[in-house]
Amino acid sequence: MKRFFSSLLSLVLLLAALAAWIVLPWQLVLALCAAIALWMVVTRSGRLAREATKIGIASLPQRWGASLVIVVGIAGVVGVLVAMLAMGEGFKATLNQTGSDDTAILLRAGSQAETNSVITRDQAPLIGALPGIAHAKDGKPITSPELSQVVNLASKNDGSDVNVQFRGVGPEAWALRPQLKIVQGRKFTPGLREIVVGKGAQRQFRDIAVGKQLKLANQQWTIVGVFAANDSHDSELWTDADVLGPAYQRQAYQSMTVKLDGKRGFKQLKAALAADPRLKLDIATTHDYYSKQSEALTKLIKILGTVIGAIMAIGAVFGALNSMYAAVAGRAREIATLRAIGFRGLPVVTAVMLETMLLALLGGLAGGAIAWLLFNGYTVSTLGNNFSQVVFQFKVTPELAWSGLKWALGIGLVGGLFPALRAARLPVTEALRAA
Amino acid sequence: MKYFHLIWAALFRSKTRTLLTLLSVTAAFLLFGMLDSVRVAFNSGGDVAGANRMVTMSRLSITQMLPYSLTEQIRAVPGVKKAAFAAWFGGIYRDPKNFFANFSVSPDYLDLYPEFKLPASQKKAWLEDQRGAIVGASLAKQFGWKVGDTIPLQATIFPTKGSNDWQFTLRGIYSVDDPKQKAQERVLFFHWKYFNEANDYVKGRVGWFIVQPDKSASADKIAHAIDKLSENSDHETKTQSEAAFNQAFAKQFADIGLIVTAIMGAVFFTLLLLTGNTMAQAVRERIPELAVLKTIGFSNRSVLWLVLGESVLLVVLGGVIGLVIASVLVPVVSAASGGLIQLPGMLPQTWGLGLLLMLAIGAVVGLLPALRGMRLNIVDALAGR
């Protein structure tokens with residue numbers, strides 16, 4: 001009965017420790033490590049624990065099979081978890097980098113995405129005249145009326161049709177997106193059927209190279225340049241809005257991107273829009289507009305990754321428990337001898353725990369390293385908000401690697417505790433007598 | 001089979017170890033069951049046995065609409081039995097988070113989808129009401145809609161008389177029996193005629209055509225003939241089978257098959273190592289016992305089978321428990337997501353693949369220990385050498 005309650009108590013404590021561990025910031029983790037190290041150097045029981053741990057670790061190579069189970073099991077969990085979260089992180093980063101706080105996008109009220117929006121040609125000059133929009137040196141408002149058409153291109157992988165955003169822009173578009181640089185060739189000439197392509201599009205779709213011809217809307221277009229923006233524009237093709245419109249029989253624009261005049265520009269412009277009954281438009285800074293698009297998918301990936309990681313972690317915990325119980329059973333005489341010559345419960349528990357944590361740490365590092373080597377910068381694409389592909393890269397950030405390590409150590413904690421308790425409770429005389 | 005109790009006893013010789021290994025195997029197959037049903041749900045859109053429908057849409061882009069006048073031309077193509085059309089509407093019910101597909105359709109649209117079960121009286125009521133709509137059972141359940149309710153939709157693309165507010169009267173609720181096709185119950189249909197009259201932007205345009213070919217006709221030939229109708233016009237079409245279209249579309253989101261395979265690869269690799277280690281340990285501990293078995297007349301081969309049987313039993317036992325838990329959990333997940341995720345439940349094919357994997361893994365991890373047991377030299381083993 002007493003044993004049952006003490007097991008129950010340790011289980012509850014363990015769950016509390018795990019919960020605390022998950023929310024623990026890295027400074028505290030560091031402090032905790034330092035405290036344990038200090039304890040092991042300064043106090044007598046700490047020194048005993050250190051000696052016991054040394055003996056355990058020295059015997060690890062003899063049990064390499066079982067130790068490998070812990071390392072590989074945990075590496076698997078951390079690898080899958082970090083890779084999945086890196087996918088969400090990469091998608092989020094791509095869309096968060098798109099747009100800025102000093103430019104705003106205007107769409108027809110209620111339309112949510114560019115594909116659905118309509119801004120008529122007579123609305124465009126009305127918008128340009130509103131307050132809150134920055135003006136160029138020549139006195140013209142910095143605005144870019146834009147049109148985006150979803151077109152079919154062949155994917156590089158298997159040639160299947162994918163939807164790609166073909167964006168028609170106004171002459172000020174380059175000034176509105178200063179992060180966008182031409183890396184090969186030149187900009188398109190307004191009025192001609194010329195295209196510049198994003199470097200992500202070039203990587204993911206077939207037959208995209210400077211000098212090549214593309215057939216879109218039954219017309220031949222020439223690719224004259226490649227641009228890099230390191231954001232979601234990288235997945236697009238760009239041309240002159242006044243060439244794209246007629247090619248697809250589109251009289252109206254779809255969106256209007258404007259440069260805001262200082263910090264108060266957004267408020268001014270929003271108020272002016274609300275006051276003008278001819279302009280039923282929604283306005284958002286481009287940064288807000290694009291970051292919002294990543295929310296749903298990022299959340300979904302995070303939930304999926306955590307659930308899959310949790311199920312795998314449960315499997316890995318049982319694997320670790322198994323190996324450590326076997327290790328304790330295999331070293332029963334050794335441990336009993338230690339206890340007979342005066343090693344108390346705490347040093348013995350610490351020794352087994354530290355051994356498990358060390359293996360877990362190795363597993364976590366290996367898993368994180370594998371995820372980083374295989375997936376960091378790995379380019380994929382998915383269908384974004386505008387019915388078109390958004391190309392993005394997996395991003396293994398230090399935060400993700402850190403949370404992977406935390407998972408690994410958490411698994412080690414659970415997997416090590418019960419075998420450690422068993423080692424400390426081992427009846428000394430029986431264990432010494434056993435062959 | 002007569003040795004079953006022997007294998008069983010050997011398996012539970014070390015209870016803790018077997019239990020912990022079993023639980024690891026269970027976790028692995030639980031994950032497998034859930035991920036595989038996600039994969040099936042994602043990849044089986046429109047793949048209805050015997051339906052062989054085709055989709056005709058703009059070759060230029062998914063958002064490009066086609067002229068209504070194509071309808072009669074397509075119906076006149078030899079080999080075409082029926083042709084209906086639909087147009088994407090993109091309405092939002094209250095909040096963008098409540099996303100579901102809604103589109104306007106021709107009155108004969110449901111004739112091409114016999115798997116959508118709609119009571120005849122409701123169908124009649126819908127066809128008679130210009131502003132009527134029908135929805136799938138899952139959707140009606142999620143939002144608590146009853147026949148006769150008014151459903152307001154906020155247009156994102158097509159305003160009506162300058163406003164985004166559209167209202168429809170719910171006239172019928174259809175259901176789909178096939179568990180793989182439950183996602184089809186998350187659609188709202190209304191009349192294209194009403195859409196065409198009431199929206200401010202497009203007139204006489206439809207989104208895509210659904211074509212039902214005659215049984216004897218060649219689908220390729222029909223697709224070619226339909227695409228020929230609009231060749232070199234500004235609305236060139238592309239006709240393909242519905243299954244091919246759905247698969248290509250799903251693949252644009254992500255190659256779910258590849259992701260699932262990668263994750264399960266990592267899981268099963270770990271599992272191989274773990275159960276392999278358990279079996280190696282189990283045999284190492286029992287070497288004297290195996291020697292005794294051989295002494296009393298068990299052949300080398302029966303010892304091999306005994307150990308192999310033990311490892312297969314271990315994996316199958318854990319795996320079946322995992323799949324059973326998955327089959328309980330999958331409907332729970334579907335329900336908890338408020339109908340947003342429609343998983344088909346555990347299908348026979350998932351069970352089949354799972355069992356195959358269990359047998360394979362059990363055999364692989366058992367092989368080396370089993371060979372060791374088979375090659376055991378009785379004298380050495382008994383002497384503890």
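Is Asp129(B) buried or exposed? Asp129(B) is buried, at a relative accessible area of 17% (buried: under 20% relative accessible area; exposed: over 50%; partly exposed: in between; 1.4 Å probe, protein chains only). The model is predicted, with local features needing pLDDT of at least 70 and side-chain atom pairs counting only at pLDDT 80 or more, while totals for chains, interfaces and linings use all residues. Residues are numbered from 1 along each chain as its sequence is written, chains are lettered from A and ligands numbered from 1 in the order in which they are written, and side-chain values use heavy atoms, leaving out hydrogens and water.

**View 1. Salt bridge between Arg171(B) and Asp129(B).** The closest N and O atoms of the two residues are 2.8 Å apart (salt bridge: a side-chain nitrogen of Lys or Arg within 4 Å of a carboxyl oxygen of Asp or Glu). Arg171(B) lies in strand β8 (residues 165-176), and Asp129(B) in the loop between α4 (120-128) and β6 (132-136), so the pair links distant parts of chain B, 42 residues apart (helices are DSSP runs of H or I, at least four residues, and strands of E, at least two, numbered from the N terminus). Arg171(B) is partly exposed, with 27% relative accessibility.

**View 2. Salt-bridge network in chain A.** Glu114(A), Glu146(A), Arg167(A), Arg177(A) and Glu236(A) are joined into one network by salt bridges that share partners. Over all chains, the structure holds 30 salt bridges.

**View 3. Salt bridge between Glu355(A) and Arg331(A).** The N to O distance of this pair is 3.4 Å. Glu355(A) belongs to helix α12 (residues 345-375), and Arg331(A) to the loop between α10 (286-330) and α11 (332-340); the pair links distant parts of chain A, 24 residues apart. Both Glu355(A) and Arg331(A) are buried.

**View 4. Salt bridge between Arg278(A) and Asp276(A).** The closest N and O atoms are 3.1 Å apart. Arg278(A) is exposed, with a relative accessible area of 52%, whereas Asp276(A) is buried at 12%.

**View 5. Chain B as the setting of View 1.** Chain B has 13 helices and twelve strands. Its radius of gyration is 29 Å, well over the 21 Å that the globule rule gives for 385 residues, so chain B is more spread out than a compact globule (radius over C-alpha atoms; rule: 2.2 Å times the number of residues to the power 0.38). The C-alpha trace of chain B spans about 95 × 45 × 35 Å along its principal axes. Of the 385 residues of chain B, 51% count as buried.
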